[in-house]
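Open the model in your viewer and keep the selection tool at hand. This tour goes stop by stop.

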Amino acid sequence: MEKYSLNQTFSFDLQIASFDIPSSAVYPIFITGILVYFFSVLSNVTILLLIATQRSLHKPMFYILFSLPLNDLIGITAMFPRMLVDIVTKKHTVYYPLCVLQAFLIHMFGGGTLFILAAMAFDRYIAICKPLRYHSIMTPLTVAGILLLAWGLDFAIILVLFLLQARVRRCRNVIMTVYCSNVSLLNLSCGEDVTINNIYGLSITVFMHIITLTIQLFSYIQILLTCVLNKQSNAKTKAVNTCLAQIIVFLIFEMVSLFTLIAYRLPNISTSARNACGMMIFLILPVVNPVIYGMKTKDIRITFFQVIKKKLSST
């Protein structure tokens, strides 16, 4: 019996799918991927540091926003570096516990994105529709409760998903996608009945989308009505600017997710194309989110340039 074997057929050293990349394109793709990854890390860490260190951003809105780049870093780091290493080394193997960890983190990223955007929408609803009561409602305790609920609910839901998956006996050693997920781990099973897993997975997907979409629709409809009824043009402009970034991010997430679901159900699309569509969910948002919020959020944009100007003047 091998060192890491669970039974006669399952080994902790799993084979994982790879992209069909010509040899001449390996290093250009690797270098491009490294640049994209470092840009995402640098830009998201910049947002985090600005919110953490600049007193002008110590407000409820930005405390909640802090979770978004943090979540993006979790998503892209869980998925992208291992894939880049595989492209160069061409080993295409993954250690089972690391595969489970990757799957857990990328599922956390997907759910976290929905819950955090819902929390941000609720904050904007209070700020624009109930401005005089904003500070009495969005107290530090309330903000902490919202963040704890978003992260805690996401963690609990995904933890149950993986506890159900862990009970399944495994006989296969091949991950059919280029990254690990709950579905790809279930496909390692010995042909056992995974109906409960599938029902729970579908149920939490529907639950998270219905809950978060309801919160966002309610918030933005109320904000829109407030803008229409408020005759002050500056108030309307402020409302649009503070909400536009969140709406753009949510639409990008939903469109990429929908495109991926369609790609996996079209028989004429190659496996590599399907894998590329799947990884876009964990790649696009961590790259574009800091750019969107840097451009569309006035306070962050102004604070960023003030910090740069201060650094240049001190040198």
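The stops below cover a sheet, a helix across it and a group of aromatic rings.

This is a predicted model, where local features need pLDDT of at least 70, side-chain atom pairs count only at pLDDT 80 or more, and totals for chains, interfaces and linings use all residues. Residues are numbered from 1 along each chain as its sequence is written, and side-chain values use heavy atoms, with hydrogens and water left out.

**Stop 1: the sheet.** Select β1 (residues 13-16), β2 (93-95) and β3 (174-175). Strands (E, at least two residues) and helices (H or I, at least four) are DSSP runs, numbered from the N terminus. The three strands form an open sheet in the order β2-β1-β3, with mixed pairing; two strands pair if DSSP finds at least two bridges between them. β2 and β3 stand at the edges with a single partner strand each, so one side of each has no neighbour in the sheet.

**Stop 2: a bridge.** β1 and β3 run parallel, joined by two bridges. Pick Ile 16: its bridge partner in β3 is Ile 175.

Stop 3: Select α4, residues 96-129. This helix lies across β1, β2 and β3, at about 85° to β2. Axes are lines fitted to C-alpha atoms, for helices over the stretch in contact (heavy atoms within 4.5 Å); angles run from 0 to 180 degrees between N-to-C directions.

**Stop 4: the rings.** The structure holds eight aromatic pairs. Rings of Phe, Tyr and Trp (its six-membered ring) pair if their centres lie within 6.5 Å; planes under 30 degrees apart count as stacked, over 60 as edge-to-face and the rest as tilted. Show Phe 104 and Phe 162: the centres are 5.5 Å apart and the planes at 70°, so this pair is edge-to-face. Phe 104 sits in α4 and Phe 162 in α6 (residues 140-166), 58 residues apart. Both are buried (under 20% relative accessible area, with exposed over 50% and partly exposed in between; 1.4 Å probe, protein chains only).
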